[in-house]
Amino acid sequence: LELRVLQLREEATRRRDEERVISGRALIALRDRGEALSSVAQMAGVSERTVRELIRAAEAAGPASPVSA
């Protein structure tokens, strides 16, 4: 049971990190279109600090892998 709990925690952490990167990439796209961070934060409904953190997470993850169709 302890092993399963550990596995679930690791999976949750991985998924959370992936979502932060995806969110950060979306915020980068808004910023790159010329939106100010304060505007991006307001549109996303989060603080400017959160926007900066998510952008940093996306930049640290590197470029997005191409989606295959």
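Trainee: Why is E11 called partly exposed?

Mentor: This is a predicted model, and in it E11 has a relative accessibility of 28%. Buried would need under 20% and exposed over 50%, so E11 falls in between and counts as partly exposed.

Trainee: And what makes E11 and R14 a salt bridge?

Mentor: The closest N and O atoms of E11 and R14 are 2.5 Å apart. The cut-off is 4 Å, so the pair qualifies. E11 and R14 are three residues apart in helix α1, which means about one helical turn separates them. R14, at 38% relative accessibility, is partly exposed.

Trainee: Why is D32 called exposed?

Mentor: D32 has a relative accessible area of 56%.

Trainee: What makes the contact of R31 with E59 a salt bridge?

Mentor: Here N to O is 3.6 Å, again within 4 Å, so the label holds. R31 belongs to helix α1 and E59 to helix α3, so this pair ties together parts 28 residues apart in sequence. E59 has a relative accessible area of 46%, making it partly exposed.

Trainee: Let us turn to the nonpolar core. Which residues make up the largest one?

Mentor: There are nine: L27, I28, L30, V40, A41, V51, L54, I55 and A58. The largest share, four residues, comes from α3.

Trainee: What makes this set a nonpolar core?

Mentor: The members are Leu, Ile, Val and Ala residues, and a core of this kind requires buried residues, under 20% relative accessible area, joined through side-chain atoms within 4.5 Å. In soluble globular proteins, nonpolar side chains tend to be buried together.

Trainee: Which residues does L27 touch, leaving out those up to four places away in sequence?

Mentor: L27 touches V40, A44, V51, L54 and I55. Each of these contacts has heavy atoms within 4.5 Å.

Notes
Residues are numbered from 1 along each chain as its sequence is written. This is a predicted model: local features need pLDDT of at least 70, side-chain atom pairs count only at pLDDT 80 or more; totals for chains, interfaces and linings use all residues. Side-chain values use heavy atoms; hydrogens and water are left out. Buried means under 20% relative accessible area, exposed over 50%, partly exposed in between (1.4 Å probe, protein chains only). Helices (H or I, at least four residues) and strands (E, at least two) are DSSP runs, numbered from the N terminus. A salt bridge is a side-chain nitrogen of Lys or Arg within 4 Å of a carboxyl oxygen of Asp or Glu.
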